[in-house]
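Okay, thanks for coming, everyone.

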Amino acid sequence: MGETYKAPDVPAESVTPSFVRDELLTCFESANREFSRVLNQPVGDEALKQQVRQFVTSVFSKCGVSFENPTKAGIMTAIEECKKNAEDMMGPKGSDIIRDHYEEMMKLLEKLPS
């Protein structure tokens, strides 16, 4: 099992909307691993990757945001929706995990040009 997600320390010019979108998937996998530990419901890596990808793509779609060609504003909208969904699902016991992962994603999002 991996450690808590940390945004990669990459130069701003390396940060593209697609890079941030892909990191969002990695971040969500990490958060969900932590949630499954908190809930004592272990999940296999492949199943987790598929669940996370399906969830994140559905959030992008629900928000009217392109998953294939994301924009900074679109990713921000999707991240806010993901955060809200996770808070609704996990309640107080997930708040630290959600906050930590959200802060890491904001570090990447801030490097994206508007």
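Before we start, one term: when I say buried, I mean a residue with under 20% relative accessible area, while exposed is over 50% and partly exposed is anything in between. Also, keep in mind that this is a predicted model.

Now compare Cys63, which is partly exposed, with a relative accessible area of 24%.

While we're on cysteines, how many disulfides does a search of the whole structure find? It comes back with 0. For Cys27, the closest cysteine sulfur belongs to Cys82 and sits 9.3 Å away, which is too far for a bond. Cys63 is in no disulfide either, and there the nearest cysteine sulfur, again that of Cys82, is 7.4 Å away.

Okay, on to the inside of the protein. The largest nonpolar core has 25 residues, and Val20, Val56, Phe60 and Met105 are the ones with the most contacts inside it. Which elements give two or more residues to this core? Those are helix H1, covering 17-38, helix H2 at 45-62, helix H3 at 72-90 and helix H4 at 95-111.

If we leave aside the neighbours within four places in sequence, Val56 is in contact with Leu24, Leu25, Phe28 and Phe67. There's also a second, separate core, with 6 residues, including Ala31, Phe35, Ile97 and Ile98.

Next, a pair of helices. H1 and H4 pack at an angle of about 170°, and their axes are 10 Å apart. That angle makes H1 roughly antiparallel to H4. Who's meeting whom here? On the H1 side you've got, among them, Val20, Leu24, Cys27, Ala31 and Phe35, and on the H4 side, residues including Ile97, Ile98, His101 and Met105. The residues of the contact divide into 12 nonpolar, 2 polar and 2 charged.

Last stop: Asp9. Where is it? Asp9 lies in the segment before H1, and at 75% relative accessibility, Asp9 counts as exposed. Have a look at Lys107 as well: Asp9 and Lys107 are 98 residues apart in sequence, and 9.2 Å apart in space, going C-alpha to C-alpha.

Methods
Residues are numbered from 1 along each chain as its sequence is written. This is a predicted model: local features need pLDDT of at least 70, side-chain atom pairs count only at pLDDT 80 or more; totals for chains, interfaces and linings use all residues. Side-chain values use heavy atoms; hydrogens and water are left out. A nonpolar core is a set of buried Ala, Val, Leu, Ile, Met, Phe, Trp, Tyr and Cys residues joined through side-chain atoms within 4.5 Å. Buried means under 20% relative accessible area, exposed over 50%, partly exposed in between (1.4 Å probe, protein chains only). Helices (H or I, at least four residues) and strands (E, at least two) are DSSP runs, numbered from the N terminus. Contact means heavy atoms within 4.5 Å. Axes are lines fitted to C-alpha atoms, for helices over the stretch in contact, and angles run from 0 to 180 degrees between N-to-C directions. Angles under 35 degrees count as roughly parallel, over 145 as roughly antiparallel, 65 to 115 as roughly perpendicular and the rest as oblique. Ala, Val, Leu, Ile, Met, Phe, Trp, Tyr, Cys and Pro count as nonpolar, Asp, Glu, Lys and Arg as charged, and the others, Gly among them, as polar. A disulfide is a pair of cysteine sulfur atoms within 2.5 Å.
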